[in-house]
Amino acid sequence: MPNRDTNTTTRVVWLLGSALLLIVLIALPHLLSFSQQEILVFLVINVLLVSSYRLLTLTGEWSLAHAVLMGVGAYTSGLIAKELGVPVPIAMIIGAATAGLLAFLLSFPLFRMKGFYFLIASFAAGEAIRLMWKWSDLTFLFGGPKGIKRIPPFPDFLSIDFYEPVNYYYLCLIVVAVSLLILYRVERSRIGLTFHAIHWQDKLAESVGVNTFRYRMLAFVISAFFAGLAGALYAHYVGAVAPNRFSVEEMVYILIWAIVGGTATFYGPIVGVVVLTILNEVILRALHVDEMRPMLYGGLLILSILFLPDGLESLVPKIKGWFAGRKEKRATEERRTMKEQPAE
Amino acid sequence: MTAELFVQTVVNATYAASYMALIAVGFVLIFGVMGVVNFAHGELYMAGAYTVVALYADQGLPFFVAVAAGLVFVGLLGLLMELALFRPLRDNPLGGLIASIGFLLILQTIAVLGFGVRMENVPPSTQDKIVFMDGAVLTYQRLYVIVAAVVLLSALWIFLSKSKFGWALRACAQDREAASLQGMSINQTARIAMFIGAALAGVAGALTAPLVSPTPYMGHPVVVTAFIIVIVGGLGSLEGAVLVAILYAFVHTFVTTVYDGTLANIVGLLLMLVVLIVKPTGLFGAKERA
């Protein structure tokens, strides 16, 4: 009986929490300035970027090609929409699919390696692709170091102007929410469990008949697809892409978000990107220390890795435990009074 | 390609190989002993260059005094990194990587705050040069780098193979636990490795400062190059790093001269990718540590 009681209360809390989150997410852009609205759009795109990155880390592999795969989505979608006149929503999906296809092809050489070697090899492969965009001999196609400009924006739909950051934010919110739902379902499915098995016991998984190469490839392709989708969302909002937007430095940011947030839970990387973005864009900007920002950011990074090595997500069970501790205390007190009552 | 251009390219490649070898060997040493990928290695190189900017170009001290100061200063930075970051994170290799990224951002910001973002102009310390028979030129400024690389790397090699500290260092790189069971101090060897590794990057930066126009962001392409060299040479192999630095510098310089710089970078990366696929442990690498 009391068990069912707590179940309904948790459900109510969850429901209230989700409803509150939804209201906050819908109301948020109207409380912000124009430049903050733009940051919000990028934040939502980055949430998809870092969540898709986490799917690959489930198999235990850390890639340094994720930013470039995002770029593949952005370049492809932008190019075919601009040069071939493909409608933007379709171009976005083609861009994402191209990133997935590229990941499929890359996984043949890359998954011959594991761990640190995979990390470095993925970096080399990504950098080689990125430098191709920069290469002067291919300027006619990729635009060289300056990249592609005047990418067509998302078309108006039901007379909603998606050039407005607020409207584009809602569009991104819907796309990202659906994508996150898919990523979550994948993780909770048998496939996701196999990813975990490959991470912790790859020899054992292989010996019971799991084709670890196939599953690693699948994780890489799915994560690349959503990275490409994030890139396409970015390209049609900004209207321009350039090779330096997808450089190692951007990749380092993805890594930092994932690690500062923690990758053990689905929400960890999302917490990481949200907290760090607020810190970087809102608090540090408000302090008027523009030139010092990278230093403070670096300092925070060092402090968080020294004192919070399991990421921000490791705080959640602690907070929960704190609340549960109080609840438990109350429960034991109630039980004690109940026991005492018949005696009286 | 004319004979003059050929000789000139060989001279340029030799110079490039020298400073790349200095940087890559320091990077390998740190990875081998500490087990961390030091992303801030390029910024240590930058710190060396800015020591020369501050002491030689701004204060007017003799060039070689400034270079020596750069060596010591960057070596001390390495000690600081070991003490503050890598020691507490010894069991967390990914953590060491992240912490070094944090340190990189701090060093960059200090350079920006102290010297501004624009390129620094460091006047050459000498105008002398050697002219080869067919007209190719080697300036003394570049010769210093080549001489320093040969002298310092030979000294390091002797130190590692003959001295007691060197043996301890190599033992730690092979197997840290076994080394500490034999009574070697892990902290002591880590300190020495960090000092030497950082100081080599600092010297490379200090000596090349008059040749490359330092900026706070000069470290980034350097660390990428070091990455490639170290992977192709094999992680933990100092000889491999030196040989591949020479190989890479020649390939890169020749492709740059004949075609262009971007293609040279692509070729370098593809070279690395091929080596990783064919022999993931690198050309001279031992088996991966269990």
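Me: Which hand does the crossing of α4(A) and α10(A) have?
Reply: This is a predicted model, where local features need pLDDT of at least 70, side-chain atom pairs count only at pLDDT 80 or more, and totals for chains, interfaces and linings use all residues. Residues are numbered from 1 along each chain as its sequence is written, with chains lettered from A and ligands numbered from 1 in the order in which they are written. A crossing is left-handed if the near helix is turned anticlockwise from the far one by less than a right angle, and right-handed if clockwise. For α4(A) and α10(A), the crossing is right-handed.

Me: At what angle do helix α4 and helix α10 of chain A pack?
Reply: Two packed helices are described by the angle between their axes and the distance between the axes. Axes are lines fitted to C-alpha atoms, for helices over the stretch in contact, and angles run from 0 to 180 degrees between N-to-C directions. Helix α4 (residues 88-110) and helix α10 (residues 212-238) of chain A have axes 7 Å apart, and their packing angle is about 145°.

Me: How many helices does chain A have?
Reply: Helices (H or I, at least four residues) and strands (E, at least two) are DSSP runs, numbered from the N terminus. Chain A has 0 strands, and its helix count is 14.

Me: Which helix of chain A gives the most to the side of domain 1 that touches domain 2?
Reply: Domain bounds come from an automatic or database domain assignment, which here gives domain 1 (34-246) and domain 2 (248-329) of chain A. Their centres, taken over C-alpha atoms, are 23 Å apart. Counting two residues as in contact if their C-beta atoms, placed from the backbone, lie within 7 Å, the contact takes 17 residues from domain 1 of chain A and 14 residues from domain 2 of chain A. On the domain 1 side, the top contributor, with 10 residues, is α2(A).

Me: And between the chains, how many nonpolar residues are on the side of chain B that touches chain A?
Reply: In that interface, 31 residues of chain B are in contact with 30 residues of chain A, and α4(B) gives the largest share of the chain B side, 13 residues. Ala, Val, Leu, Ile, Met, Phe, Trp, Tyr, Cys and Pro count as nonpolar, Asp, Glu, Lys and Arg as charged, and the others, Gly among them, as polar. By class, the chain B side has 7 polar residues and 1 charged, and its nonpolar count is 23.
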